[in-house]
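User: I would like to learn how to read a few computed features of a structure, with the general idea set out before each case. Could we work through them one at a time?

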Amino acid sequence: METGDDGIEKSPGVELNSDSSCRRRFPLTLAGALSRNSVRELGIPDELERKRVRQGWSRGGNSEFFSASLKEISDEDARVVYINDPERTNEQFRFAGNEVCTGKYSLITFLPRNLFEQFHRVAYVYFLVIAVLNQIPQIAVFGRGASILPLAFVLFVTAIKDAYEDYRRHRADEIENNRLALVWNEGRFQSKRWKDIRVGEVIKIKANETLPCDMVLLSSSDPTGVAYVQTINLDGESNLKARYAKQETTSKSPEKEKIGGLIKCEKPNRNIYGFMANLEVDDKKLSLGPSNIILRGCELKNTDWAVGVAVHTGRETKAMLNSSGAPSKRSSLETRMNFEIIILSFFLIGLCMAVSTGAAVWLKHFEDSLNSIIFFGKQDYSQEKAKNYNYYGWGMGIFFTFLMAVIVFQIMIPISLYISMELVRIGQAYFMVRDTDMYDEASDSRFQCRALNINEDLGQIKYVFSDKTGTLTENKMEFQRASIGGIDYCNLKASSQGVGYTVKVDGKVMRPKVTIKTHPELLRLAQNGKDSVGGAYIHDFLLALASCNTLVPFVVDTSDPAVKLIDYQGESPDEQALAYAAAAYGYMLMERSSGHIVVDILGEKQRFNVLGLHEFDSDRKRMSVILGCPDKSVKVYVKGADTTTISVIDKSLLEHVVDATENHLNSYSSMGLRTLVVGMRELSPSEFEQWHSAFEAASTALIGRVALLRKVAIDVETKLRVLGASGIEDKLQQGVPEAIESLRMAGIKVWVLTGDKQETAISIGYSSKLLSSNMTQIIISNNSKESCRKSLEDALSMSKNLIPDAENEHVLRGPDAVQVQLALIIDGTSLVYVLDNELEEQCCLQLFQLASKCSVVLCCRVAPLQKAGIVALVKRRTADMTLAIGDGANDVSMIQMADVGVGISGQEGRQAVMASDFSMGQFRFLLPLLLVHGHWNYQRMAYMIIYNFYRNAVFVFLMFWFTLFTAFTLTTAITEWSSMLYSVIYTAFPTIIVGILDKNLSRRTLLKYPRLYGSGQREESYNSRLFWIMMVDTLYQSIIVYFIPLFAYWNSTVDISSLGDLWTIAIVIVVNLHLAMDVMRWNWVTHAGIWGSVIATCLCVMAIDAIPFLFGYWAIFHIGKTKLFWTLLLIVVVAALTPRFLVKVLYQYYQPNDIQIAREAEKFGTFGQVEQSELEMTCMMET
Amino acid sequence: MSSTNNAPPSTAAASKRPKYSKFTQQELPACKPILTPRWVISAFMLISIIFVPIGVAALFASRDVIEIVDRYDSVCVPANETDKVKYIQTPGFKTCNRTLTVPKHMKPPIFVYYQLDNFYQNHRRYVKSRNDQQLRDSKEANSVSGCKPEDYNNNSAIVPCGLIAWSLFNDTYSFSRKNVPLNVSKKDISWKSDREHKFGKDVYPQNFQSGSLIGGAKLDSSIPLSEQEDLVVWMRTAALPTFRKLYGRIEVELQENDVIDVTLGNNYNTYSFNGKKKLVISTTSWLGGKNDFLGIAYLTVGGLCFFLAVMFTIIYLVKPRQLGDPSYLSWNRNPGWH
């Protein structure tokens, strides 16, 4: 996004414009966008922007940037750096050293800190409280070892993992800290380790070296003081960026004379695109901006050496300040689950109350005879005087019983579930990352899971918000058409693929790196018809394309020594496409240095003085360059977005050309091309003088420089003569139309948010199958609040007429063929009014209602923060899951706002990726991501949660029933070791394995029938109904498992350990078979997990019973010899699972859901018929 | 920007493309079970075929067991004693005579049990009140942790300590038939594993039942714990508040209508908590004692499954559904929209 007056000037140092600075700094989340120069996005007024930031729409805490915008750096805020005098610099202020330490712990702090961090999780605190409770002698239920073991185990494993990660960080830090840099010391540059570098020291960097700290550039090998850096480590952009030394310091070098001076700069902050400082050198006060600073982590390129002074070091460098992890989100399923956990905790309290009530009644009943009850042993007679032993009266007895019940029934709250969920998500992420279907060949990038806790959200998405450029399209600009002097030259029709234009320099052939198809007629005219009227137009047009940009040409060697390539480095793909186009027609930009450019025009090198350059900004949406031509004339070339540039064209001149150009522009944009208008004007000497003095004054102004410069630009960019227009194609990415169609079939509403103008957006909408001809389009494009409100109301009533009512919501969801489909197209200006505060409530609601009736929403001309606003609009009013996908820094706010943010690791740096939860190479990977992995992950996780509730609750109920037969004293028949191992070993692995590996349907089926995705949207796998059914089943199963053995052993000699072992084994088999019954796909891992668990349980029970000093020694072997044991086991398992089986069968057979049908079809191969019916339906949709 | 990035060429060599394997692509060969009607009906049928015979066999086994149960706790207190608790607490051996009639021919081994009702041997305070180290190791005589309140007496450790041992059952039974004493074998009534590993051969009772309050039986301090089988049986605490413990075995046949005279020593106090005491003489079957529950349960489940199998067959024949028929898909099911 290019916003208001904040454009960061990184223009090549024009002689007159000797410096540039950024008066405004932006929070990082937005800042990345500021550097982009393409005519892509619409700006939003500052007021709006400020408001949004205040409301905390962007990452909080950065709003002070705005308030500081127009102020000079006040002394107390400043950081004073004495150049080449580190002692004095560090005397007053304690700046951080350059040593970086990303490791969290040291050897001493590891234990306390790591524990502290681990106990931030509520689950662990719960564990701990229970364990501590168990240490109180009066209520100790379990032995010390058994009660602490699970917590200790989890803590230990996590600590080992953390320690290993930290060790690796320390190793990396050490390597980093011990790298060497050349630092000026005692009269020469000496090698010094990075960690010893201090603020104020002068450092020399050689080509291809990495910068050790943030430095203000003083001089470089280039006499004009230009140095090129690559910021790939910082923001992932691989192009070269020019940084400039101040003219006053370029001549100085420490070798020749002592550099002195004073830099007052702002406090360290995270904004990598902003820097504000003043430099005092030789009694002159200069201002420094972001183009004067080179940052830690960048690499020096194409420059032999550069000298700078360290201003930020170590952890205060911008690179370090920006190294923060991905934001943590919580999946909706987990939020949902927490509600059920609250219900479970009520169950827990209920059980404990029941037990303590029972105990109260029992104690009351026998209160008088307690002394003589043999098994109670109330009094201690070992001493002379008998006194009560461990009995504190009726009330305390009840209280202790309650606490003991909490300890015994603790696993009712499935704490282990949180750990299992984390493991399962890691497993799921492993498979997502390794999916070959989501590997992007072109960029050699895999799918990336940056957020680990929202995997299952991918299966419930209802809204997809997509950026257009770079997300739907490739962001590879291709020059397609040009309208020059009112004549349309179309590359598509008559194209010839030649070798392209070449130039011979010093016997070497220079070629542009990218060759494009040329239009033969245009080529002929460009080369020969220079004197004709059309020829002059073409000359100026091509010269404007070649010169009116900020590209830097580099010469690249090829394998053939005689051939060199010219590579245009710049930040805007549009500019590159235009420059390559100009080169193809013989206008090749050869050289750019500060002050002049060299353009090879049809083999003849011509030098133009760049007298001034007005950067692109989002208000003007155009840029201009003032060229001093070889013939001493001064010309202004302007190129920019049609809306704003046409308005500064003098329409009285050559009316027919203007008209023709406008017509062409319209046809271009309806073809989906990105359009730019090019214009020019010759400046008379007086005009030039006037401009020059204004420009000089503005560019040296200390206050309000940006605004002044803009004013100068607006003044000079007027009364232009139109030269023509260009049409650049941004190709759709592979598979985008199909992907969008599938997403829509899956019941996902696709919203496209783009900075393009309406016509372009609509045409892209058609080509990406977002829009289809049978849709009714509602277009809202207004210039005032009132009209906007009115058209919104009209549109709403119209939509209500077309689509009867919201009660048919479910009808809408099943995108049925005959349904009238609506498409809403709304533009940025209208959105501003809608999202504006005053009207917000009512208008937003209307917009939301309208939008929810539409199956497609296209927002054009939107600014980044508006994108977030739109996402927020939907998010606030519905519980439906939203997903935002984008590739550029302008999508960051939207990505962070949505429930799931997906970054495309494409052409536009890594800002979006850094802010995203998942990143991938192509838009079409959304299909496997959502329809396949999302679907699977949701089903798996939802089932796992329900199952974990069940498996813990059934065990707790089992213990509860026994408590009723022990005079409510919480004796456990099941050994304490078994009850601790139950959720760790006996039943944990199968659910994790199933959570990672089970698949209800194959990938092919899911991709072929996107509507199967609906089960996640309808929350079919996890809802209150399932929860309560499960709880009833749990109750039933626990009753069966408990009472059948109880009645069978009534009046028998069975001892507590034997019966406990029977219950343990029975419940583990029941719980595992319950899972086995629900597994959809049995592969060897599942088999191993489930049967292995049962076997492991038996082994554990045997091992525990083989320890002679434990209570239940040899019990399992005794009871295992009796036939009663085995007959009981058989009937318990069958009787416990039969109802579930029955209900499952009935449901599957008589109320099959889509997934069930699809599974059967998959198995019995009846999908041929499905295809047929599918086909019919699509036909119906088309008609 | 076009293909002009300066990406280091090294990436070309090491592509990040994930290696293909059936595992990583989640395509391991797998079985996909579908509950087809045939499958379901045969499963229910199979269960009923297995369960009904087992149920019948279990019921027969239970019917074959001959059991004589005699509750004696109230009848063995003289009618003139109003306070049963006081009666039982007075020192001295209290004898009581009972006569039992054998209802059917009983083949040895005939087991003699005592049954206690409402006695919570699984009470938390009771279960924990023992020390297994002390029981098996003569060197650990002083480890009495957990044995409170029966750990020390006159400041010396009790072996075996704890409430369980202290409350050892002390009613005795002697049987005679036609004035000929019936021998009750008390050998091997406890678990072999307990005698060999849990109770030490060299651990002798010390200081046992020497306190002011006597809980139950006394032990002969010259016999090691491993041979005190009544104690070993008693220390295997029962799971449920109604339980039997093996008292001994009668190794001779008992004929129908034999009259057995029992002379019992009624010493054990269950009166303070309304506990019942019963003498049980019983044979066993392959399934254990007399209990019809299991047989009935098997027959119920088996019968239910048979019923379900028949039901499903009928439903299947009357209203079949073609599996995998796409017309059942939700989006194909509602053709009537608009």
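**Reading the features**

Analyst: Let us begin with charge, where Lys and Arg count as positive and Asp and Glu as negative, while His and the chain ends are not counted, and where the place of a charge is NZ of Lys, CZ of Arg, CG of Asp or CD of Glu. In chain B, the mean positions of the 41 positive and 29 negative charges lie 11 Å apart. This is a predicted model, in which local features need pLDDT of at least 70 and side-chain atom pairs count only at pLDDT 80 or more, whereas totals for chains, interfaces and linings use all residues. Residues are numbered from 1 along each chain as its sequence is written, chains are lettered from A and ligands numbered from 1 in the order in which they are written, and side-chain values use heavy atoms, with hydrogens and water left out.

User: How many helices and strands does chain B have, and why is chain B described as more spread out than a compact globule?

Analyst: Helices (H or I, at least four residues) and strands (E, at least two) are DSSP runs numbered from the N terminus, and chain B has 10 helices and 11 strands. The radius of gyration is taken over C-alpha atoms, and the globule rule is 2.2 Å times the number of residues to the power 0.38. For the 338 residues of chain B that rule gives 20 Å, and the radius of gyration is 33 Å, well over that value, so chain B is more spread out than a compact globule. Along the principal axes, its C-alpha atoms fill a box of roughly 105 × 65 × 40 Å.

User: Is B:Gln25 buried or exposed, and which residues is it in contact with?

Analyst: Buried means under 20% relative accessible area, exposed over 50%, and partly exposed in between, with a 1.4 Å probe and protein chains only. B:Gln25 is buried, at a relative accessible area of 3%, and is found in the loop between helix H1 (10-13) and helix H2 (37-64) of chain B. Contact means heavy atoms within 4.5 Å; leaving aside neighbours within four places in sequence, B:Gln25 is in contact with A:Arg434, A:Asp435, A:Thr436, A:Arg1003, B:Lys19 and B:Tyr20.

User: Why is helix H21 of chain A said to be largely enclosed?

Analyst: Eight of the 10 residues of helix H21 (residues 736-745) of chain A are buried, so this helix is largely enclosed by the rest of the structure; among those buried are A:Ile740, A:Leu743 and A:Met745. After H21(A) comes A:Gly747, whose phi is positive, near 80 degrees.
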